Amino acid sequence: MNFFKAIVAAGLVAASTSAFSLPARAADITGAGATFPFPVYSKWADAYKKETGNGLNYQSIGSGAGIKQILAKTVTFGATDAPLKADKLDKDGLLQWPMVMGAIVPVVNVEGVTPGDLVLSGELLGDIYLGKVTKWDDPAIAKLNPKLKLPSAAIAVVHRSDGSGTSFNFTNYLSKVNAEWKSRIGEGTAVEWPAGVGAKGNEGVSGNVGQTRNSIGYVEYAYAKQNKLTYAALINKAGKTVQPTVASFQTAAANADWAHAPGYYVILTDQPGEASWPITAATFILMHKEPVDKAASAEAIKFFRWSFEKGGRMAEELDYIPMPDSVVKQIEKTWSVEVKS
């Protein structure tokens, strides 16, 4: 395992020069935040380093922590899956744009159940996370899965313990499809979970579900694939059972009206369309319009521009959805107007 891959395995994409050995170079970009896009940011960073020699130090610490770090001006950019509204961006002098899109999937560890076998509705998923449906052989689960033999075992619910954009999108979806969830819990990067145990990051939830028999969790799809987790199918807004695929993610994302969204604030959960995956989401970058380190900011924009131009196929290989060309053009125009260099 080379140095870069070893660092990736530890949850950090690091620049090749250590702060303890060589002076920091402007070309080394610092960022922190969402774990949702970490696999694709890792892949882009590796390819960008090989092509340009410039490194990316990205800490995969959760959206909430990423927002705190960019507000504190300790990083060049923050990353969040829970977009900030325009008034918050204006108040803090921040610029926000979507970098890539992906999807969140329920994952389970139940003996005999293989990927895509189990079917869940949004309402049922909410009832499981509310602690109302507590066993795998509950009639509500059996009704949707008449051909599956599920155990009479307690459901071990796993959720995020940190401030998380993945949780924001997951709870936003549950609030749209489960009335009790909306009234009792609501949406947020961190909520008062009524059931289950917490784990840090998509990495933590993936690891917990992978090791815990009869568990259920929610993770970004790339983590489910990389960790060979068993994902569930979902019944979408149109009442159709859909599997998590790039095609179903793209169908949901096609409805996004980025051009008319102040600060690119768009939530992609529970979109219409018979083939739409219901928990599709974008992940966002946050930067200061007037950066403290203008050289580092300029280098970061170069990295993001390169990622848009050359990172699409790499994103698709990890089952992310690249931003449409029309949106990229909007974003590049926003950079030229808003970022003070």
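**Group meeting talk: a walk through one chain**

Hi everyone. Let's start with one piece of the fold: strand β2, helix α2 (residues 38-52) and strand β3 make a right-handed β-α-β unit. Please keep in mind that this is a predicted model.

So how do the two strands of that unit sit together? β2, which covers residues 29-33, pairs with β3 in the parallel sense, over five bridges. If you want to find one of those spots on the screen, go to I29, whose bridge partner in β3 is L56.

Stay on β3 for a moment, residues 56-60. Which of its residues are on the covered face, and which are on the uncovered one? L56, Y58 and S60 are on the covered face, while N57 and Q59 are on the uncovered face.

Now let's zoom out. The protein chain has 14 helices and 14 strands. Its radius of gyration is 20 Å, close to the 20 Å that the globule rule gives for 341 residues, so the chain is as compact as a globular protein of that length. Along the principal axes, the C-alpha atoms fill a box of roughly 60 × 45 × 35 Å. Of the 341 residues, 55% count as buried. And among contacts with a separation of 6 or more, 76% are between residues 24 or more positions apart.

What is inside? In soluble globular proteins, nonpolar side chains tend to be buried together. Here, the largest nonpolar core has 92 residues, and the ones that touch the most other members are W44, W97, I128, Y129, I216, W258 and F304. Strand β5, residues 94-109, gives this core its largest share, 10 residues. Take F304 as an example: leaving aside neighbours within four places in sequence, F304 is in contact with F77, W97, M99, I285, M287 and W335. There is also a second, separate core of eight residues, including A32, I67, I70 and L84.

K73 is not a glycine, yet has a positive phi of about 60°. You'll find K73 in the loop between α3 and β4. D270 is not a glycine either, and its phi is positive too, about 55°; D270 is in the loop between α11 and β13.

Are these two buried or exposed? K73 is partly exposed, with a relative accessible area of 47%. D270 has 13% relative accessibility, which is under the 20% cut-off, so D270 counts as buried.

Notes. Residues numbered from 1 in each chain as written. Predicted model: local features only at pLDDT ≥ 70, side-chain atom pairs only at ≥ 80, totals over all residues. Heavy atoms only, no water. Buried < 20%, exposed > 50% of the residue type's maximum accessible area, 1.4 Å probe, protein only. Helix = DSSP H or I, 4+ residues; strand = E, 2+ residues; numbered from the N terminus. Pairing = 2+ DSSP bridges. Right-handed = clockwise from strand over helix to strand, strands pointing away. Core = buried A, V, L, I, M, F, W, Y, C linked by side-chain atoms within 4.5 Å. Contact = heavy atoms within 4.5 Å. Rg over C-alpha atoms; globule rule 2.2 N^0.38 Å.
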